[in-house]
Amino acid sequence: MKRKILLLLVLGQVLYIGSVAGQKMIYKDSEASVEARVKDLVSRMNLEEKILQLNQWVSGRNLNPNNVGKVVQNIPAGLGSIIYQNDNPIARNQIQKNSMENSRLGIPMLFGFDVIHGFRTVYPISLAQACSWNPDLVTKACAVAAKEAKLSGIDWTFSPMIDIARDGRWGRVAEGYGEDPYTNGVFGSASVKGYQGENLSDPYSIASCLKHFVGYGESEGGRDYHYSDISRQSLWETYLVPYEACIKAGAVTVMASFNDISGIPATANYYTLTEILKERWGFDGFVVSDWNAIDQLIDQGFASDRKEAGYKAFMSGLEMDMKDNVYLDNLAELVAEGKIPMEKIDDAVSRVLRIKFRLGLFDQPYTPVVDEQSRYLQPESRAIANKLAAESMVLLKNDAQTLPLSKSFKQIALVGPMVKNKESLIGAWATLSKADDAETIFEGLNNEFGNSVVFNYAKGCDFDGNDESGFKEALEAAQKSEIILVCLGEKKEWSGENASRSSIALPDVQEKLVEALAQTGKPIVLILSNGRPLELNRLEPLSDAILEIWQPGVAGGSALAGILSGKINPSGKLAITFPLTSGQIPIYYNMRQSARPLQGKYQDISTEPLYWFGHGLSYTAYKYNNIKLSATKIRKDEKLTAEVEVTNTGALGGKEAVLWFISDPAASITRPMKELKYFEKKEINAGEKMLYRFEIDPMRDLSFPDADGKKHLESGDFYLIVNNQKVKFELVD
Ligand code: BGC
């Protein structure tokens, strides 16, 4: 009897082991659906493993082959993610091997990094990109960045930034697409498309991350990380708009912002992170905190200690803790105390794992090792960077057709601290870029003009300080020349994070240099490289032409040279208003009407900015014919087609972006004076015309949200505004 029982037991054991061994674990089955794999994996994880997935560490800076082993040892195999501050696929693969082989369930690590405006092929900053009004080109540039990053071991970028920025003092205006919600939505979506490609699991796709959710650009006084007072009305009609568009475009992660939104910090804001993002918009990816932001809830006065900070952030809907280990240190205890339910942990882990599965990391955890030469700065990638740089540059002023430079010039003065500077042309937030990848303005011009022109170079002065000793040399260069190109601007550290400025004017020394040069009576072309709108009221009258080149990236020098020579016809238009003085801030095109439109002006200066949103000149002239509407009255369920024919009446081919605005003069909630609803850029050859069309969808283009996001479509008069035309139409029930 005993033997029989023993036999049965052994048989049972054998059968059991056999069935487990034979059964393929669903989460390892690449044929199974992502949802089935996520569910299966989560069901196998213990609490400790789950919590590890919700944490991100920083690693990789200064990683050399000698210390990879040590670095790997220090990273827990089951950790969710690291910010991989490196571009070495071999090191990444070693860290990944540790995760795949030494974590109990073999869960791959997610490698994130700030790929902001290019990886090694650095293209213009986002603010500049928006001035191109060419989202397709931005998609192409982001696809290049994704490929370079992916081949360097990165799966996830903390980009695009789609924070509406109306205060140029804030250093981070450089990182977003300007002051308009619609523009941010279009360019943000274009970049998501470029990073993520058709399919997240494609070999060169990386995950995008919308940041900073939400209202970070509204930080008081342009001071970074500060309080932002945002009414629910503004939240819905301004700050959330680009996020909703980019979530629809398929962005898979979101970063919570540093700012306190009217008393509830964005890092622990249930309304924005859960109610809006997940419940209303159906977002099924995950939210990562910003750097140390959970811990910072203590500084913000929202939590008394790290445990409370972790509890509040987690329960608000923030899934991944960037860098500060608050979750690692506290979530288990909070679960044990019954404060955090296990379902909430499971939901958070599922969100993180879902993205890892969609990226294909379980099936292809390692990065193919390709040498740097074939990875970076390929000719076709440089060509995209060049095109985008050229299309982003904005010709702000061009009196008496000073530009393009006359072919008769033999001696040109090339003056200013920007002429031979590479770092600042590359710009802020290009961490792994190499200065030598960029062409300076000096090199670009010499390559373009060859021996036909002598460029008389003088630095003149530094970016700031009081040293005017270089003015003499600059004046000598100017005296020898027929025209003066003055290249001024901002150092790259002056924009980006933690880079606020109280005034958006250039430092005195740069302005004085122009004043001195103006004494020569020679024509002056001001070339500006900067990451924010500038106060130019003193420089503008001294300049015959002004060209804004932003921080144009590696191809900035040649793109600029092409514009100066006339090979390229400038086509950029401002995506952000240039105030006359810093004191006008905030000033943006989509303001609301004042109660007394003719009064309330500044007594000391004009109330108009120097250059409005949308301003930008070209070397040719475009004539807009009258706008044609398919009807002057439509019902709410009908569409209205508007057309405008634009003729290039000049002698040079060019590209013209047509911006379509809507104005709703009377509504139950007041509306901005006008709002951009659509734009399109087309090439028009000299003497030819092009038809631009905008199909107005009332619900999409004429409705507005209330303070809870509910859309209202009200009948009444509307205006369509294009260029200098304004036509009325009526919406009826
Ligand atoms: C910035 C983010 C960035 C993160 C990771 C933070 O300080 O605000 O924009 O993605 O660091 O580097």
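Predicted model: local features only at pLDDT ≥ 70, side-chain atom pairs only at ≥ 80, totals over all residues.
Who else lines the site? Besides Asp114, Lys211 and Glu497, the residues around the ligand are Phe158, Arg172, His212, Met255, Phe258, Asp290, Trp291, Met322 and Trp429. Sorted by class, this shell holds 6 nonpolar, 1 polar and 5 charged residues.

## A helix pair to visit

Next, turn to helix H20, which spans residues 471–479, and helix H21, which spans residues 508–518. Their axes lie 10 Å apart, and the two helices pack at an angle of about 40°. The crossing of H20 with H21 is right-handed.

Which residues make the contact? On the H20 side they are Phe471, Ala474, Leu475 and Ala478, while H21 brings Val509, Lys512, Leu513, Ala516 and Leu517. Counted by class, the contact between H20 and H21 has 8 nonpolar residues, no polar ones and 1 charged residue.

## Backbone details in the loops

Some loops also deserve a look at their backbone. Serine 159 is joined to proline 160 by a cis peptide bond, with omega near 10°. You will find proline 160 in the loop that runs between strand E4 (156–157) and helix H8 (181–196).

Another cis peptide bond links leucine 403 to proline 404, and here omega is about -5°. Proline 404 belongs to the loop between strand E11 (394–398) and strand E12 (411–415).

Finally, take a look at tyrosine 225: this residue is not a glycine, yet its phi is positive, at about 70°. The loop that holds tyrosine 225 lies between strand E5 (209–213) and helix H9 (232–239).

Conventions
Residues numbered from 1 in each chain as written. Heavy atoms only, no water. Near = heavy atom within 4 Å. Nonpolar A, V, L, I, M, F, W, Y, C, P; charged D, E, K, R; others polar. Axes fitted to C-alpha atoms, helices over the stretch in contact; angles between N-to-C directions. Helix = DSSP H or I, 4+ residues; strand = E, 2+ residues; numbered from the N terminus. Left-handed = near helix turned anticlockwise from the far one by under 90°. Contact = heavy atoms within 4.5 Å.
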